[in-house]
Structure formats: C-alpha cells, structure tokens
Amino acid sequence: MDYKNAGVDIEAGYKSVELMKEHIKKTMRPEVLTNIGGFSGAFSMSAFKNMEKPTLVSGTDGVGTKLKLAFILDKHDTVGIDCVAMCVNDIACAGGEPLFFLDYIACGKNVPEKIATIVSGVADGCAQSNAALIGGETAEMPGFYPEDEYDLAGFAVGVVDEKDLITGKDIKPGDTLIGIASSGVHSNGFSLVRKVFRMEKEILETYHEELGTTLGEALIAPTKIYVKTLKNVKEAGVRIKGCSHITGGGFYENVPRMLPDGVRAVVKKDSYEVPAIFRMLAREGSIDDQMMYNTYNMGIGMVLAVDPADADKIMEAVKAAGETPYVIGHIEAGEKGVTLC
C-alpha cells in the first residue's frame with residue numbers, strides 16, 4: 001500500500017504547481033520576495049513606506065455553490081476571478097489597495113490541467129486588482145470530495161493610509177448614492193438559482209434571446225472587480241464617504257453596513273434597468289421583489305455614498321475606468337437601514 005493507492009497522487013501535485021507557474025508570473029509585483037513552491041510567501045513593506053499611518057486590511061471568501069455550475073459546464077477558467085473578486089472588493093470598500101492573494105483548492109482528485117485552469121482564473125483576478133498571487137494550497141482529499149469536484153476559497157491582504165479609510169462615519173442626510181453596475185449574479189444566491197433552474201447541461205446551454213447568451217454563460221459570468229474603479233475615483237481627488245459591496249444579503253443586508261446610526265439609505269428601484277438575468281430568475285422562480293433585493297445585487301455591485309457636490313466628478317471617474325454608474329438614491333435622517341422604493 002502507498003499514498004497513491006490511498007487516492008493521493010503526490011506527483012500530480014508537483015505537476016499542478018509547475019503548470020500554475022506560468023499563470024502566476026503575470027501577477028508579480030516588485031515587492032514579492034519569494035517564489036511559488038516555498039513554505040510561505042514574503043512581501044516587502046516598501047509598498048507602503050511613504051504612508052503616514054499604514055493600515056492593513058484583509059478579506060477572505062469563497063465562490064460558494066456557483067462552483068456546481070462550473071462542474072456541469074466543465075468550465076473552470078473564470079471561477080478563480082470570482083474568488084479574488086469576493087476578497088479584494090471588500091478591501092477596496094475600505095479604501096484599501098490589495099497587495100497579495102493566497103488561494104486554497106480542495107479536490108477529490110488532483111487533475112493537474114484542471115487545477116492549472118482554475119489557478120489561471122485566480123491569476124486573472126489578481127492581475128485585474130494588481131494583487132500578487134504569492135502562495136496557496138491544493139489539497140487532494142479522496143473520499144471527502146467526489147473525484148470531479150472541488151472547493152475554492154481565498155484570502156487577500158491590502159493596505160490603506162489610516163486617513164484614507166472609508167468608514168461611513170461622515171455620511172449625512174442629503175448625501176447621494178451612486179451604484180456601479182454588476183456583471184450579473186456574481187457569486188451569491190446560487191443555492192436559490194439552482195432551485196429555480198434545472199442544473200442540466202442541456203438547459204444551461206440553451207440560448208435565450210432576452211439574455212443575449214445561453215443561460216449558463218449568463219449565470220457563470222465572473223464577478224466584477226472594482227479595485228481599479230475605486231482607485232480611479234481616489235485619484236480624481238474626490239472622497240467616497242461610504243462604500244458597500246452588494247454580496248449575499250443583497251441591498252437589505254449590505255447597504256446598512258456602511259451607515260452610521262441616525263441615517264437611512266433610500267434606493268430608487270427605477271433609477272436603472274435591472275439586468276435580464278434577474279428578471280428571468282424572479283419570473284421563473286416566482287420570487288418576490290423583497291426576496292430578490294434581499295438575496296441578489298440586482299445589477300448593482302457597489303454602492304457609494306458621496307457628497308452631492310462630488311457626485312458628477314465621481315460619475316466621470318467611474319466611467320473613465322470603463323464602468324457604468326447610476327445615481328440610485330440618497331441619504332435621509334432616520335433609523336439606520338435601507339428603503340427601496
């Protein structure tokens with residue numbers, strides 16, 4: 001008996017690391033001091049030596065049951081973007097710049113080419129957010145995961161000068177809410193998605209005129225990464241008072257997280273067009289508005305609270321970064337929370 005007969009192929013692990021390296025290369029930053037394959041990743045603090053009060057910010061998350069879609073479609077090159085996005089968008093919400101990222105892949109069977117494809121997506125997400133992929137772990141766990149399935153999670157560290165932290169504490173009545181468009185469902189609410197749509201390849205590969213693509217492609221579209229967009233706003237010399245990443249829990253859970261006591265966000269649902277995938281999901285699943293806005297981003301991946309005098313300049317900065325902004329509401333006095341009308 002040996003380890004391979006027990007279901008763990010050490011040689012496949014070595015091959016996976018070698019295949020990953022070409023993807024990881026494109027994420028490197030000058031501050032990275034170690035190579036992939038060591039026991040830890042080292043990152044020089046020179047990246048923030050000129051800050052007055054450098055403050056580390058971090059985020060960790062996974063892709064969730066969206067991975068079931070990747071298994072059925074046998075498409076593994078974009079879920080890594082989702083994994084990175086879920087972590088670095090949270091860092092950007094605090095005003096931070098992501099510095100480095102680590103991933104964790106647990107699988108039933110290590111197929112080196114598949115693992116490398118997953119990591120290629122992680123590397124793409126890191127490149128989009130200018131974060132170095134400095135390490136990770138691939139765990140082959142036979143008997144725990146089915147041979148053709150895996151889980152994917154990650155962890156990111158970023159930095160912000162303390163004076164530039166976005167805390168929401170200065171949000172006040174009269175402030176403007178700006179929403180930045182999402183790319184679709186992102187990486188939340190897929191347990192409900194999988195109850196509404198049959199997760200069969202034939203169903204997922206069916207083209208829908210209202211979507212302009214197949215159902216599967218619309219659902220698996222990777223989560224948008226907003227790091228460079230928010231950096232563009234900062235470099236335009238305007239201040240974001242509060243920032244909310246619209247993830248699990250939708251508007252009702254996430255918008256209040258950026259608010260201080262004594263103010264309430266008012267979001268106008270007709271201020272932008274809800275993407276077709278959400279309309280189809282609500283229709284096919286007979287899901288009411290309250291539940292949709294309490295589960296999904298409904299086409300808005302980030303909500304910014306800003307001074308109304310800065311709104312136009314921030315809108316222009318978002319557009320210059322290639323994203324689509326909308327004025328979606330305002331702040332008023334009241335009990336902390338959100339009203340959708």
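Q: Taking axes as lines fitted to C-alpha atoms, for helices over the stretch in contact, with angles from 0 to 180 degrees between N-to-C directions, at what angle do α8 and α12 cross?
A: In this predicted model, helix α8 (residues 227-235) and helix α12 (residues 311-320) cross at roughly 135 degrees, their axes coming within 8 Å. Helices are DSSP runs (H or I, at least four residues), numbered from the N terminus.

Q: Which orientation class is that for α8 and α12?
A: The two are therefore oblique to each other, since angles under 35 degrees count as roughly parallel, over 145 as roughly antiparallel, 65 to 115 as roughly perpendicular and the rest as oblique.

Q: Which residues meet there?
A: From α8, Thr229, Asn232 and Val233 meet Ile314, Ala317, Val318 and Ala320 of α12, contact being heavy atoms within 4.5 Å. This contact has five nonpolar, two polar and no charged residues; Ala, Val, Leu, Ile, Met, Phe, Trp, Tyr, Cys and Pro count as nonpolar, Asp, Glu, Lys and Arg as charged, and the others, Gly among them, as polar.

Q: Turning to α3 and α4, how far apart are their axes?
A: The axes of α3 (residues 79-93) and α4 (residues 112-129) lie 6 Å apart, at an angle of about 40 degrees. This pair is therefore oblique as well.

Q: And what residues make up that contact?
A: Gly80, Ile81, Val84 and Val88 of α3 meet residues of α4 including Ile118, Val122 and Asp124. By class there are six nonpolar, five polar and one charged.

Q: What conventions apply?
A: Local features need pLDDT of at least 70, side-chain atom pairs count only at pLDDT 80 or more, and totals for chains, interfaces and linings use all residues. Residues are numbered from 1 along each chain as its sequence is written, and side-chain values use heavy atoms, leaving out hydrogens and water.
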